[in-house]
Amino acid sequence: MIKKTSTIIEPEIRIENIHVEERRKIGVLGGTFNPPHLGHLIIADQVRDQLGLEKIIFLPSANPPHAKGKTTIDAKHRVRMVEKAIELESQFELDFTEINRGGKSFTFDTIKSLTEQNPDIEYYFIIGADMVEDLPSWYKIDELVNLVQIVAVNRPQYSVETAFPLIFIDVPNIEISSSTIRQKISDQCSVKFLLPDKVLEYIEAEGLYHDGV
């Protein structure tokens, strides 16, 4: 009599290297850049360095919805000034999304467009601490925070406390503002060392801000 034996066949287990490609991380610094100054460049550099971002894209606005009645010069001048401000920085880049769209530039629409076009990129949107308190009034803010990581940089006298998720980056407090530069130029005061030399050369060549704009 032949005795039957049971054989247990173990399932073959294959261990393969599963490569999950990490998304690229890029910062977005928006604004009128009227004009761009050294404070903008310092913020961009500090955020890029501290968060380990691939690069920072500068996003000039066409018609900013948060300007509260403020006027600004033609977009062509602001674009040229940003180009000159960042031309020697390989990790800074100019983006025309809002300029090309025209009209009011809502952050939600811009980020939605960028993420749809570049699904492999994780965006970090940079704002100043002075803008944090206005976040509840931003267009589709609840949807925006699901599309992008908001990064707040310190500004004197402003708090970054908010119910919305954000990353706080401590940057040197450089008390330079575009409005101050415009006023100084209008008053025929020196603005040397407040903005890149190439930007100042462009302002002088085009005769910008002498009327107090």
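Student: Which residues of helix H1 are buried?

Tutor: The model is a predicted one, and in it helix H1 covers residues 38-51. An α-helix has 3.6 residues a turn, so residues three or four places apart point the same way. Counting as buried a residue with under 20% relative accessible area, the buried residues of H1 are Gly39, His40, Leu41, Ile43, Ala44, Val47 and Arg48.

Student: What span does H1 reach from its first C-alpha to its last?

Tutor: The helix has 14 residues, and at 1.5 Å a residue a span of 20 Å is expected. The span in the model is close to that expectation, for from the first C-alpha to the last H1 reaches 20 Å.

Student: Which residue follows H1, and is its phi positive or negative?

Tutor: The residue that comes after the helix has a phi near 65°, which is positive. That residue is Gly52.

Student: Which residue in strand S3 is the bridge partner of Ile56?

Tutor: Strand S2, residues 55-60, is mostly covered, with six of its six residues buried, and Ile56 lies on one side together with Phe58 and Pro60. S2 is also joined by three bridges to S3, residues 92-94, and these two strands run parallel. Within S3, the bridge partner of Ile56 is Phe92.

Definitions and conventions: Residues numbered from 1 in each chain as written. Predicted model: local features only at pLDDT ≥ 70, side-chain atom pairs only at ≥ 80, totals over all residues. Heavy atoms only, no water. Buried < 20%, exposed > 50% of the residue type's maximum accessible area, 1.4 Å probe, protein only. Helix = DSSP H or I, 4+ residues; strand = E, 2+ residues; numbered from the N terminus. Right-handed = clockwise from strand over helix to strand, strands pointing away. Pairing = 2+ DSSP bridges. Expected span 1.5 Å × (residues − 1).
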